[in-house]
Every structure is written in C-alpha cells, then in structure tokens.
2 protein chains.
Amino acid sequence: MTRGTGGPTLAVVGATGAVGAVMLDLLSTRRNVYGEIRLVASPRSAGRTLTVRGEPVEVAALAPEVFDGVDIAMFGVPEAVSAEWAPVVTSRGAVVVDNSGAFRMVPDVPLVVPEVNPERVRRRPRGIVASPSCATLSMIVVLGALHRRYGLRELVVSSYQAASGAGQDGIDTLYEQMEKVGGDRALGNRAGDLRGAVGEFGPFPAPLALNVVPWAGEVRDGGWSSAELKIRDESRKVLGLPELRVTATCVRVPVVTAHSLSVHAVFKERVEQREAQAVLAASPGVVLCDNPAFQEFPTPADVVGTDPVWVGRVRRSLDDPKALDLFLCGDNLRNGAALNTAQVAELLAAELTA
Amino acid sequence: MTRGTGGPTLAVVGATGAVGAVMLDLLSTRRNVYGEIRLVASPRSAGRTLTVRGEPVEVAALAPEVFDGVDIAMFGVPEAVSAEWAPVVTSRGAVVVDNSGAFRMVPDVPLVVPEVNPERVRRRPRGIVASPSCATLSMIVVLGALHRRYGLRELVVSSYQAASGAGQDGIDTLYEQMEKVGGDRALGNRAGDLRGAVGEFGPFPAPLALNVVPWAGEVRDGGWSSAELKIRDESRKVLGLPELRVTATCVRVPVVTAHSLSVHAVFKERVEQREAQAVLAASPGVVLCDNPAFQEFPTPADVVGTDPVWVGRVRRSLDDPKALDLFLCGDNLRNGAALNTAQVAELLAAELTA
C-alpha cells in the first residue's frame, strides 16, 4: 500500500496488465488526489512489487476482503473478470470504474467520458461506471466538441486499428510477422504469398504485416462485426443521442499502437472549416494538427504514447455545407483505455471529497 | 515489331515502365486482336528487346514517324509526356488511350471504363480516350453495377492506398523502411521514434512502415488533397452523374501493391444485402468475397497480381435502408492502370475491325 493525500482509497484491479501499467503511470504523473492506493491482480501475478507515486507497492491477490475500506476501484481486466468481480466489489461499498465491455451497454450503468458527459457519473444505481472501447474513445471527445457547436446527425466512420487493440497477442503477432517479412522484395507482389511467409496469424484472420484486414471482433447479424456495432452503440450512449445514425467499417492495419479513424460527420447546422478547427483547438483532451501544406496531420507514429486525441484533415464536404470530414489518431492503450478510466475515477474522487 | 491477326496496328508507349510491363503481360495473355504491335519508350530505354505474344520486339525511341500506320496507341507514361505526345500521335491518325492524368477531366475527352460506360468510347473529338486513376478504378466497376440497380446518390470513401501508387520510388521506400524496422520491438511504442528509425521518407510525408499516412497528392483549396478530388471528379464523369455527392479521405498504408477502399454508398432506392451481393457476383470484372463467418473478405495480400476488383463486407446500413457499406480491393498497377487501358484499346480495335 501507498499513502498520499487524505483523499479516497483507490484500488487498481489488473495492475500487472498492459492497461494496468499505463494506469500506474498515470497515477504517478497526474495530480495526486488519492489517499491509499492498493494494487490488485490475479493470484498468479500477486506478490510482485510495482511502483506507484514513486513508492513500492506489493500486488495483492484478487479477493473480496482486499476491497474493505476501498472507495473507488479501477478495473483494467478482461470482460469475464469484470462481470464476476465488479458486483463483489460494489457490495463492499466501493464504486467500480470498469474499462471492459462487461457493463458498457447495461441501461443503469452510465458510460462516461469526462470531456463529454461528466454529469452522468453521478447517477450510478449499480455503483458501476463504464468506460467506452478504444475506437469509440479515439473519436468521441472530438465529436462531443463538434456536437455541442453544430448538433450531430450522422457519422460514417472507417477505422485504421492497431494490432495492440487485440491485446499482447496482437502486438507479438505483428512484431513476429514484421521480423519474418522484413524488407523481402519477393513479398507483396503475388496473391497469397504473404499467407505462407508471415507465420502465425495470431488473433487476426489474415496476415497483418504488409496488409490490411477488414475485420475486428465477432460476426453479428447482417454481416456486421461486433467492433462496428460497439462504435455505433457507445457513441449514441455517450452523446445521449439514441437516434444518431452511425455506420462504421473496422479495419486492422499493421501499426503496433494508436488507432486512427476517418470520420464523415453530418450536422444539423452549417459548418465552417476555420471555425470547426478553432472549436477543436480549444477543446480539452484534443490537439489540432492540421496544416497539410506543411505536412502537418496526425499519424499513429507521432501520437503513440501521448494522452490526447490528435485531429487533422478537417475539411468541409464539397457537396454538403453541413458535413465535415476529418482524420484522427489516439493511443488506444493510453487515450483509449487507461486515461479515461483514470479521469472518471478522478471525477468520483472529487465527488467523494467534496 | 510483331505480327498477329490481320487486326489493327497497336503501339505501346512507355513499354519499359512499370505499367508498360503489365500492359505487355496482358497483351500476351488476353485474346489476340491486333495485327502489328510496336513498342515505344524514351530514347534512354529504346533499343532493348522485350517479349510480346511470345515474340521478341525491339523497343523504338519515341519519335513522330514511329506512329505512321498505327491505329491505336496505349500510353503508360507520366502526365507531362502524355500531354506533349498524345496530340503528335493523334495528328498521325492513331487513337490514343491515355493512362495518365493529362486528359481525364478535359471535357471533350471521354473517360472510359468498359464495364461502366463503353458507349462513350465512340465520341472522341480529339482522338484521345482517357483511363481513370487507380483509386477510382478500384471502386467504379462495383459502383457502376450497383448504380444500374439502385441509382447512386452519394459516396463517402476512405482509402487504404498502397505504396506503389507513388511509383517505383514508393515501392523502394517501403521495402527499405521495412528492412530497417523489421521486428524491432523498441519501435511503435513511443511518439516520434519511427521518424528516426525508418531512414528516408521517399515520396511520403511521414514514415510508412508501421504507420498510416493520411495524405496522397498535392494540397488543394479547403484542405483537400488532389487524390481526394480526383476520386470525386472522375467518379462523376465515368458514371455520368455530375451532381453526385462524393467525399473522400485518402490514406496511405504500408502495403506494397493493391489499393483498398471502405465505401458508404447511398442510393435512390431501398437496398437489400443479399440482392446487392447477387448483383456484384454477376458483374463482369468483380469478384464477390463476402462471408465473414468463414473469414472471407478481400485483403490486399490476396488480391495483388489479379485482374478483378474484389468486394466484400457488403452490409445494409442499420440506420438507412437506402445505404450500403462495403470494402473492396484492387491491384492498383493491374486492375487500376494497365487492364483498363488494354480493355479500352480492345473496344477501339473491335470498332476499327467492324
């Protein structure tokens, strides 16, 4: 355990995982609002000592009594673990901020992005607050800002999603394929050659190195993927627009970390390019990077490891004065997972301290 | 020179280039409709002997008298060369089929895709017929088929464009960056690291290996790129729909060859998924590859080196019964350049022989 201010007691569940590591980094570098911080992980990972706020903390094994006296629990664990343990933790009196998909679309669980709908954090009948999936988080802060100004009506989204969206297995698979493919000039010219050359496909349904794969998630009705439906459902819920028209095509690209999205957004009101850029430049959590004449636009390689969403290529559609086209990038592990969970937990900490 | 049937005499201008090589391959494998075939290139490349229809042919240097007696000239050369030489060749009586951007948007030059608007090849007051750019060609056969059935109203396109769209320099740059990056696990995790690691950017404004770059072409008004405006202008012209609403975002991905496009298409009439799939499956030049439950969807790695456009992920939009979302791939050097030029030349050959 580690002691800080006299603030609320926090538990980080899944502290030894990929998202957990970013959570600890954020807790060590953001404003210190917590009293005690406890680290929790599966029994397999328990016993290790990790550093938070510059102090060593031993990781406790997941068990009900670990949460006695805890005010807020940040969950960075797989969906099944959240589904099982969140009710256990809330029954001990803690509020759970869950980063998994277990509760996102449950009606009496608010889905909160502090820059967009912070007020929703206060109505949490189950004691659980959910955080959106990484692809939704990459765009929702940008869209929230534009919605407040112009009134959002419709979204057409195409994604360029990183391998790490499929977890450590996705990262390992891409690096292993890159190692095998390297600069081999015999590859990339003949249909099917990559299938033999890249080795294991890992969590992807086709080679990812030197390729793009138009699939993420599970098969749903009508030919949709679960990743595409998540973008639609979660955007509607966070923005509070249950009738919002949303269509998404999710595509995996050979990038390690940082999701990119190409977004066509149609509004109720007429838009102006310069004004929209000014709205975005003034929005917390957003960096405007938009000057093609000077080769300024966001790319995953320039965005990975940073907190904000980066947006560029802001254009007014040539055939619709109420539509904007833009391109944005966000670190899917940081911006798209740990950061939002940490920000929601800070909202709760402020409420508990007030 | 090489002799075939008693058909028209053909000249291939730019025979030693990347597109020229595919043109010769197509001339050797498609139905033999020409009499003599002459090969032409810049004086620098002239004198070499290439194989067409199984016979060796010496490449002649570009000069006006080379075109005496030529009926049809296929141009696979840079825009400036086409702009200078097409009028010279037409003044000698040949019809020019131009693969460059020099004449695509000139009002009295037809822009022809044989599967979509073959009738337009007959009205050619300048003696020039143009072929669309590779990104437009990747989708126009698919859209033409759907337009005939449902009536197209609007397109929202996001591209996943291959390095070879930027020519041999683009191909070399990607392979060199892949060689340098390989499976290095230190790369892809920290902002800016790739900028130092990949070496030269070549024709791209940012690293392409392990990255995606939301830019292709030159800067135009309103923040648009020339590649994005080409898709709009050429789609309207080929489909004969000057008022068609088109918005495109062009993004380069680390794929050697084969462009992919995510397309949201809105129609005048209500669409059905199964019927749209059947329309596409029955369309010449199109292969339907669309069964996600069996991991069937097109990817660049499975499409490179093949002639057709491959289309999959065909879905009816959940919020608009008149809209379809789909993902398609086409070899940008073959399907997107040489093949269409060869098919247009065959239309002309049939007309001259009739």
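Q: How do α3(A) and α9(A) stand to each other, roughly parallel or roughly perpendicular?
A: Helices α3 and α9 of chain A pack at an angle of about 80 degrees, with their axes 8 Å apart. Axes are lines fitted to C-alpha atoms, for helices over the stretch in contact, and angles run from 0 to 180 degrees between N-to-C directions. Angles under 35 degrees count as roughly parallel, over 145 as roughly antiparallel, 65 to 115 as roughly perpendicular and the rest as oblique. α3(A) and α9(A) are therefore roughly perpendicular.

Q: What kind of model is this?
A: Residues are numbered from 1 along each chain as its sequence is written, chains are lettered from A and ligands numbered from 1 in the order in which they are written, and side-chain values use heavy atoms, without hydrogens and water. Local features need pLDDT of at least 70, side-chain atom pairs count only at pLDDT 80 or more, and totals for chains, interfaces and linings use all residues, since this is a predicted model.

Q: Which residues of α9(A) meet α3(A)?
A: Contact means heavy atoms within 4.5 Å. On the side of α3(A), the residues are A:Cys134, A:Leu137 and A:Ser138. The residues of this contact divide into three nonpolar, four polar and no charged (nonpolar: Ala, Val, Leu, Ile, Met, Phe, Trp, Tyr, Cys and Pro; charged: Asp, Glu, Lys and Arg; polar: the others, Gly among them). The partners in α9(A) are A:Asn335, A:Gly336, A:Ala337 and A:Asn340.

Q: What distance separates the centres of domain 1 and domain 2 of chain A?
A: An automatic or database domain assignment supplies the bounds: domain 1 covers 10-131 + 337-353, and domain 2 covers 136-332. Their contact takes 16 residues from domain 1 and 15 residues from domain 2 of chain A. Taken over C-alpha atoms, the centres are separated by 26 Å.

Q: Which are the edge strands of the six-stranded open sheet of chain A?
A: The strands of this sheet follow the order β9-β8-β10-β13-β12-β11, with mixed pairing. Helices (H or I, at least four residues) and strands (E, at least two) are DSSP runs, numbered from the N terminus, and two strands pair if DSSP finds at least two bridges between them. The strands that pair on one side only are β9 (245-249) and β11 (286-288) of chain A.

Q: Which residue stands opposite A:Arg316 in β13(A)?
A: Strand β12 (residues 309-316) and strand β13 (residues 323-330) of chain A run antiparallel and are joined by five bridges. Helix α7 (residues 273-281) packs on the sheet, touching β11, β12 and β13 of chain A. In β13(A), the residue opposite A:Arg316 is A:Leu324.

Q: At what angle does α3(B) run to β10(B)?
A: In chain B, six strands form an open sheet with mixed pairing in the order β9-β8-β10-β13-β12-β11. α3(B) lies across β8, β10, β11, β12 and β13 of this chain. Its angle to β10(B) is about 25 degrees.

Q: Is the crossing of α3(B) and α6(B) left-handed or right-handed?
A: The axes of helix α3 (residues 134-150) and helix α6 (residues 226-239) of chain B come within 10 Å and cross at roughly 40 degrees. That makes α3(B) oblique to α6(B). A crossing is left-handed if the near helix is turned anticlockwise from the far one by less than a right angle, and right-handed if clockwise. The crossing of α3(B) and α6(B) is right-handed.

Q: How many charged residues belong to the contact of α1(B) with α9(B)?
A: Helix α1 (residues 18-29) and helix α9 (residues 334-353) of chain B pack at about 55 degrees, with their axes 9 Å apart. The crossing of these helices is right-handed. The contact is made by residues including B:Val22 and B:Asp25 of α1(B) and B:Arg334 and B:Ala338 of α9(B). Its residues divide into eight nonpolar, one polar and, as charged residues, two.

Q: Which residue in the turn of the β3(B) and β4(B) hairpin has a positive phi?
A: Strand β3 (residues 49-52) pairs with β4(B) in the antiparallel sense over four bridges, and B:Val52 stands opposite B:Glu55. By contrast, strand β2 (residues 37-41) runs parallel to β4 (residues 55-61) of chain B, with three bridges. Two residues lie between β3(B) and β4(B), and the one with a positive phi, of about 50 degrees, is B:Arg53.
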